[in-house]
Amino acid sequence: MKVIRAKQTKKIKIGNIYIGGDSKIAVQSMTNTDTRDVEATIKQILKLEKEGCDIVRCAVPDMVAAEAIKGIMKGINIPLVADVHFDYRLALKSIENGVSKLRINPGNIGSIDRIKLVADAAKEKGIPIRIGVNSGSLEKDILQKYGYVCAQALVESALRHVKILEDLNFYDIVISIKSSDVVMMIESYKILSGKVDYPLHLGVTEAGTTWRGTIKSSIGIGSLLAEGIGDTIRVSLTGDVVDEVKVGREILKSLGYIDDGIKFVSCPTCGRTQIDLIKIANEVEERLKLCTKNIKIAIMGCTVNGPGEAKEADIGIAGGNGVGLIFKKGEIIKTVKEEDLVEELIHEINKL
């Protein structure tokens, strides 16, 4: 059952997609190639696209990288976000070269005149700006006011940056408030959601390695989405960027925000299991990673957790003593030797 969105946020166009309002929740990632290497960056973005990435971000540390935006845009199909810090000229050059969205903090790219130049250029081209606040970059006066990093301080910082743009009559704004502290991240977004109607970009910053980062991101992002808060997500992992998209999409699938592609159900195994279910589950998942059928597959260890508990699955297996039952919608259709289970299951899935 799909989660009900907590509130209707402003709908904003980013390249060829929308976020906010009634739009789907977009999955994002960020390249870790050298943006100045156009060919390598395009190659990585195309991998992300194949995995289902909706929006991609690139670091723009210098003018060479800003110039590279033009070439990158020609080789990809999804919106590109330029991540710019401190130098307003990099933002202007990224806009000139056709970027789909900017990620800046208005307060750290110079005087109000320079901020206005960026806001005006973005407005003219219909390019939104994401304000990205995180716990490691709070302004000194806000830190002094609260005495420590907390959710209220992060929200105040974000609203300060928002006001800078609003005072310049710029309103195509997306906001993120990220922290490596999951509880603080959740609290910050809840407070912010009650104060603005701009789309919110969810993420746990510096979440960690693929294993730890997946857990932290699933809790932080997932708990907010479960309450209907959030319009786009980025899972930050110290690892393969493709895994960020895989995890992000799986979070959305788990909450019913995505209803396409295969859904897997598999039991954790126990002393009743008499086949190598772990190997079978991993092999089936690998074999079907490119399958686009909208079906639910159950890989179960025994008849206790087989056709009965997994009867809502479109198809599945239940292990026995060196054999497995293949069932559809809870009805057993055949018994197969363990060594033939994967092939027979794939065969039946292809027939669906």
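Where does His 201 sit? You'll find His 201 in strand β9, residues 201–202. This is a predicted model, where local features need pLDDT of at least 70, side-chain atom pairs count only at pLDDT 80 or more, and totals for chains, interfaces and linings use all residues. Residues are numbered from 1 along each chain as its sequence is written, and side-chain values use heavy atoms, leaving out hydrogens and water.

**The whole chain**
- There are 11 helices and 15 strands in the chain; helices (H or I, at least four residues) and strands (E, at least two) are DSSP runs, numbered from the N terminus.
- The C-alpha trace spans about 75 × 45 × 30 Å along its principal axes.
- Of the chain's 352 residues, 52% count as buried, where buried means under 20% relative accessible area, exposed means over 50%, and partly exposed is in between (1.4 Å probe, protein chains only).

**Around His 201**
- His 201 is buried, with a relative accessible area of 0%.
- Its side chain makes a polar contact of 3.4 Å with the side chain of Gln 28, and another of 3.5 Å with the side chain of Arg 130.
- A polar contact here is a pair of N or O atoms within 3.5 Å; within protein, one must be able to donate a hydrogen and the other to accept it, and residues adjacent in sequence count only if both atoms are side-chain atoms.
- Leaving aside residues up to four places away in sequence, His 201 touches a set of residues including Val 174, Ile 177, Tyr 189 and Thr 232; contact means heavy atoms within 4.5 Å.

**Helix α3**
- Helix α3 covers residues 88–96, and its buried residues are Tyr 88, Leu 90, Ala 91, Lys 93, Ser 94 and Ile 95.
- Those buried residues pack against α2 (63–75), β5 (80–83), β6 (101–104) and α4 (112–125).
- Asp 87 caps the N-terminal end of α3, with a side-chain oxygen 2.9 Å from the backbone nitrogen of Arg 89.
- After α3 comes Gly 98, which has a positive phi, near 90°.

**Helices α7 and α8**
- The axes of α7 (residues 182–193) and α8 (residues 210–226) come within 10 Å and cross at roughly 20°; axes are lines fitted to C-alpha atoms, for helices over the stretch in contact, with angles running from 0 to 180 degrees between N-to-C directions.
- The two helices are therefore roughly parallel to each other, a label for angles under 35 degrees.
- From α7, Val 182, Met 185, Ile 186, Tyr 189 and Lys 190 meet residues of α8, among them Lys 216, Ile 219 and Leu 224.

Technical notes
Parallel < 35°, antiparallel > 145°, perpendicular 65-115°, else oblique.
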